[in-house]
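Take a look at the fold below. Keep the strands and the loops between them in view as you read.

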Amino acid sequence: MINKADYALADTVMMKKRHACQANDWEILRLGADIRLKCMGCGHIMLMSRADFNQRLKKVLIKQDDLTARRSQHYVPVSEIAQPN
Ligand SMILES: [Zn+2]
């Protein structure tokens, strides 16, 4: 079982509220003061503060090293996410 707070870049997470497209799995594309999420249902990108994210997060669905994550057409592998030095 994955701890709710144990999220990392490129993990797929479930939020308390699903997206307008009815999907409820989001990839974490950026982890900083702000969190950038990408909807795995439609590819929509959303930005929110880390405080907002912590409140809205329901659980971590798929860790980034789990190959199931890569089955989504919208998923970006961690190696392809630009990371600041
Ligand atoms: Zn969506």
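The model is a predicted one.

**The sheet**
- Five strands form an open sheet in the order β4-β3-β2-β1-β5, and the pairing is antiparallel.
- β4 (45–49) and β5 (57–62) are the edge strands, as each pairs on one side only.
- On average, neighbouring strands of this sheet are turned by 40° against each other, direction ignored.

- β2 covers residues 26–31, and β3 covers residues 34–39.
- The two strands β2 and β3 are antiparallel and share 5 bridges.
- I28 has L37 in β3 as its bridge partner.

**Positive phi angles**
- Most residues other than glycine have a negative phi.
- A10 is not a glycine, yet its phi is positive, about 75°.
- A10 sits in the segment before β1.
- A10 counts as buried because 23 C-beta neighbours lie inside 10 Å, and the cut-off is 20 or more.
- Q22 is also a residue other than glycine, and its phi is positive, near 80°.
- Q22 belongs to the loop between β1 and β2.
- Q22 is exposed because it has 8 other C-beta atoms within 10 Å, and exposed means 12 or fewer.

**K17 in the loop**
- K17 lies in the loop between β1 (12–15) and β2.
- K17 has 8 C-beta neighbours inside 10 Å, so it counts as exposed.
- In sequence, K17 and M46 are 29 residues apart.
- In space, K17 and M46 are 13 Å apart, C-alpha to C-alpha.

Note on methods
Residues numbered from 1 in each chain as written. Predicted model: local features only at pLDDT ≥ 70, side-chain atom pairs only at ≥ 80, totals over all residues. Pairing = 2+ DSSP bridges. Helix = DSSP H or I, 4+ residues; strand = E, 2+ residues; numbered from the N terminus. Axes fitted to C-alpha atoms, helices over the stretch in contact; angles between N-to-C directions.
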